[in-house]
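Thanks for coming, everyone. I have one structure to walk through today. Have a look at it first.

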Amino acid sequence: MTPDDARTFSRVLRAWYRRVKRPLPWRATRDPYAIWVSEVMLQQTTVAVAEERWRRFLSRFPDVASLAAAEEREVLAEWSGLGYYARARNLHRAARLVAARGGAVPRSLEGLRALPGIGPYTAAAVASIAFDVRAAALDGNVERVLARVLATRSAPSGRVARLAEILVPARGAGEHTQALMELGALLCTPRAPRCDACPVRRFCRAARAGRPERFPSPPPRRASQRLRLAAGVARRRGGLVVVEDRELVHGHIVVPLARVASSGESAAALRRAWRDLAGREASRVERLGVVRHTVLSRRYEVEVFLVVERAGRARGAARVIALTDLSSLPHGGLLEKVLVLAKVAPAL
């Protein structure tokens with residue numbers, strides 16, 4: 001692509017973006033902290049979910065200083081349900097580093113990349129959107145758009161990265177970054193791309209070839225790991241028995257969980273493990289049903305049981321929480337699924 005073509009591409013794309021862009025809340029600010037949080041949240045979260053949770057997160061932690069001052073459990077509790085919790089831990093660690101250095105989010109790619117959890121894409125997105133740094137932000141949407149422009153099956157690739165750098169304008173880098181992302185989200189979708197409405201169709205080799213959805217080639221799928229668990233719902237003194245999650249997400253709370261062999265009997269496995277898990281003997285377990293849950297490539301089949309415990313002093317690390325306190329404690333989607341099946345109504 002010639003320099004003139006690159007300038008025309010970006011100019012036409014940004015004009016289209018100004019007409020059709022979605023009114024997302026993080027687009028109404030140039031606060032680098034708020035933009036940073038949005039980019040981290042959007043890595044593995046849909047826009048629809050992220051809108052509400054971004055507002056809530058910023059209400060709880062409105063700036064770097066408040067996030068840095070929080071305890072990790074507070075941050076994980078606010079992140080509950082969003083998944084991929086390493087994002088929250090890294091964001092918290094990075095905020096503490098920024099706060100220790102004076103509280104200003106770094107403006108340069110190098111300064112951003114030095115923070116935990118910030119890779120090339122996030123650094124380029126924050127730098128370009130918040131500070132208008134001339135940087136090419138390559139997420140999945142952008143890689144797909146540019147792979148189609150080049151009609152290459154390889155994305156990411158060096159050719160795609162070079163084209164991304166060529167296209168970034170000297171001024172308006174942040175708007176360009178968001179316009180490319182929006183094009184991939186709204187028109188240049190993985191299946192059934194809307195080439196007829198694309199503002200930069202004239203530059204797209206895949207569109208001229210007539211089969212744009214063939215570019216790029218889909219990445220190979222990771223083999224999934226299937227696991228079986230037995231979950232026990234027990235009440236003590238009107239509260240819920242919970243333990244630290246050692247199966248899915250470290251730092252979360254969950255009801256006691258027992259591993260079950262592929263051919264094992266779940267009720268028996270849970271009854272045998274209950275004393276070690278919860279600190280009391282189980283006198284009765286009653287099957288309530290099955291829930292399914294996925295974490296990365298792990299697919300869990302979880303049989304849920306109501307557990308009636310024998311009286312006696314409880315020993316071990318299990319604790320009892322009031323259901324009304326659950327929303328302020330770090331927990332994941334599996335606990336919510338289990339409690340819904342058990343017809344327990346916490347304030348989630």
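One term before we start: contact means heavy atoms within 4.5 Å. And keep in mind that this is a predicted model.

With that cut-off, take Ser-10. Ser-10 sits in helix H1, residues 3–20. Leave out residues up to four places away in sequence, and what does Ser-10 touch? Leu-167, Pro-169 and His-176. Is Ser-10 buried or exposed? Its relative accessible area is 1%. Buried means under 20%, so Ser-10 counts as buried.

Now the whole chain. There are 348 residues, and 51% of them count as buried. The secondary structure comes to 14 helices and eight strands. Along its principal axes, the C-alpha trace spans about 80 × 50 × 30 Å. The chain exposes about 17500 Å². Carbon and sulfur atoms supply 49% of that area. On contacts, consider pairs at least 6 apart in sequence. Of those, 64% join residues at least 24 apart.

Next, helix H5. This one covers residues 72–79. Which of its residues are buried? Val-75, Leu-76, Ala-77, Glu-78 and Trp-79 are. So what covers them? The cover includes four helices: H2 at 32–42, H3 at 47–60, H4 at 64–69 and H6 at 86–100. After H5 comes Gly-81. Its phi is positive, near 95°.

Two of those covering helices, H2 and H6, also pack on each other. A general point on how to describe that. Two packed helices are described by the angle between their axes and the distance between the axes. Here, the axes of H2 and H6 come within 10 Å. They cross at roughly 160°. Angles over 145 degrees count as roughly antiparallel, and H2 and H6 are therefore roughly antiparallel to each other. H2 passes H6 in a right-handed crossing.

Who makes the contact? From H2, we have Trp-36, Val-37, Val-40 and Met-41. From H6, we have Arg-87, Leu-91, Ala-94, Ala-95 and Val-98.

To recap. The buried residues of H5 have H2 and H6 among their cover. And H2 and H6 cross at roughly 160°.

Key:
Residues numbered from 1 in each chain as written. Predicted model: local features only at pLDDT ≥ 70, side-chain atom pairs only at ≥ 80, totals over all residues. Heavy atoms only, no water. Buried < 20%, exposed > 50% of the residue type's maximum accessible area, 1.4 Å probe, protein only. Helix = DSSP H or I, 4+ residues; strand = E, 2+ residues; numbered from the N terminus. Axes fitted to C-alpha atoms, helices over the stretch in contact; angles between N-to-C directions. Parallel < 35°, antiparallel > 145°, perpendicular 65-115°, else oblique. Left-handed = near helix turned anticlockwise from the far one by under 90°. Areas by Shrake-Rupley, 256 points an atom, 1.4 Å probe, with all protein chains shown as cover.
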